[in-house]
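Hello,

Here is the structure I promised to pass on to you.

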Amino acid sequence: MDQLEFADFPPPPAAEPAPAAALFPRAPRFKPIDRQLNVLRAFALDTLIDEDHPARAIWEFLEQLDLLPFETNIKAVEGHCGQATIQPRMLIAVWLYACSQGIGAAREVSRRCESEPGLRWLCGDEPINYHTLSDFRVDHQDALRDLFVDALGVLSQQGLISLQQVAHDGTRIRAVAGGSSFHREATLEQHRAAAAAQVAALEAEEATGDSARRIAARRRAAVERQERLQQALQQMEQHRQSKDTAQEKAQARVSQSEPESRKMKLAEGGFAPAYNAQVTSDGGEGGLIINLQMTQSGSDFQQLQPALEEVRENFGKMPAQTLVDGGYLSRSDIVALEGRTDVIGPYDEDGARATAHCRRRGIAEEYAPKFFVYDQNANRMQCPAGCSLELHQSNKTKDKIDHVYMARPSDCAGCSRKPQCCPQSPARSVIRVEEPDAVQRFRQKMAQPEAQALYKQRSRIAEFPFCWIKEKFGLRRFHVRGMAKAFLEMLWHALAYNIRQWMRLRWRVEPDAIMVD
């Protein structure tokens, strides 16, 4: 391969002389930033937010409600000395706006009142102490209930509540207490004794000078801890009554920091201290929350009737149709609500129990009770192998009769299918349930395609408020302790949710665009 010689390449072109601007570039000129500058600027407070801001809508909606129950205990009155108090309407608006913005801690609300435009506009650009906000949120239980019902009346007048179709469902929201605060009775008793000794020691301690306030604060904290432990021991007895076996009663645990909370299974997985919020939602265009209750039970069983009775008390009538999930219905519910509201939901209590019983007894699926044929004329059952089961006994309860049919041990002993049919007993037994007429009519109704189609609408109506409160409002864990205070915090969010739906559908909407049934 031939080598190239450098002489074969042409010489590089001569460089042109650089201009004078390139030899001496000019530096860019920027505006200085002086963060130590003191600025005194005049502005109109009303210009902080736009005309369609949610804070204006909340303030305008509260004008339609009766707020006098919040003013009953105000001591500052005209003609007497003393400092004027903050308007309840402003504190209500601040909390409703804070809930709608996902701000749940009183300290954070107080801090943002100095910077967030909506909160600055609502409180007139004046700071609010977090103690005032925290106390106001939980100190007006009856007044807040009345406010929620009053708001439902206003929303109903505007066509957002029809009660033609409602859905009832529950959601579990975590409590403040942690899982490590749950202890057995013996541990709680030890902690209570230690707290009582600490209270006695602090009461005997002499307070002098500047230490008086610190000792008084320590006394208050010790007394509060002793009261919580005493409440935990009281809740322990109540919690034991909900357990079935003696072993479960002995292993029962209660939180020493929040005795009313219970460990529940959460939708996102796992178990944690929580409360069960029961919500009834209207199936109208707004999907408004028309009732709210709070319970310690992790089960939804026996929660339907109290909720519907409260709806009837608030509106003067029962809903025309009620959609519920399978965990709510019982025979007593079906019998009590027949003719009062059209209940739509799955019900197979006996089938679920029979399936669980067969699984525990090792019975194969093809020998489940549903495969035994009942002979009404002879009043006997026939097993899949052709043997007869005679009536053994009948047990009557308040809402059903259990007829127990049992095969002869000699028939089962010589049957080749015994290992699959009754492996743990000498003879097979089957229970036939005699139900009230109302329950039988309900089963026939739910077998129809029309009822199944109606039930499919349940999730849309029931889950919509939960999506708003948990996802948009961020309420996945309460900020206050105790079931009563947790209920009030949930009620604030429910009222904020209803107002947001009113804003979306009615506030400053053209009358021609509103469709009222």
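**The open sheet**

Five strands make up an open sheet, ordered β9-β10-β11-β12-β13, with antiparallel pairing. Strands here are DSSP runs of E of at least two residues, helices are runs of H or I of at least four residues, and both are numbered from the N terminus; two strands pair if DSSP finds at least two bridges between them. At the edges sit β9 (373–375) and β13 (429–434), each pairing on one side only. Direction ignored, neighbouring strands of this sheet are turned by 35° against each other on average. Within the sheet, β11 (residues 388–396) and β12 (residues 401–407) pair in the antiparallel sense over seven bridges. Asn-395 stands opposite Asp-402 in β12.

Before you read on: this is a predicted model, in which local features need pLDDT of at least 70 and side-chain atom pairs count only at pLDDT 80 or more, while totals for chains, interfaces and linings use all residues. Residues are numbered from 1 along each chain as its sequence is written, and side-chain values use heavy atoms, with hydrogens and water left out.

α6 and α19 pack at an angle of about 95°, their axes 8 Å apart. The axes are lines fitted to C-alpha atoms, for helices over the stretch in contact, and angles run from 0 to 180 degrees between N-to-C directions. The two helices, α6 and α19, are therefore roughly perpendicular to each other (the term covers 65 to 115 degrees). Phe-136, Arg-137 and Val-138 in α6 meet Lys-485, Leu-488, Glu-489 and Trp-492 in α19, where contact means heavy atoms within 4.5 Å.

**A pocket and a cavity**

The second largest pocket holds about 730 Å³ of space. On a 1 Å grid over the protein atoms alone, a pocket is an open set of points with protein on both sides within 12 Å along at least five of seven lines, a cavity is a set where a 1.4 Å probe fits but cannot get out, and lining residues have an atom within 4 Å of a point. A volume is the space filled by probe spheres set on the points, which are joined across faces, edges and corners. Among the 26 residues lining this pocket, Glu-224, Arg-228, Val-480, Arg-481 and Lys-485 are the closest to its centre. α6 gives the largest share of this lining, six residues.

The largest cavity has a volume of about 110 Å³. Of its 13 lining residues, Cys-383, Cys-412, Cys-415, Cys-421 and Arg-428 are the closest to its centre.

Best wishes

Note on methods
Parallel < 35°, antiparallel > 145°, perpendicular 65-115°, else oblique.
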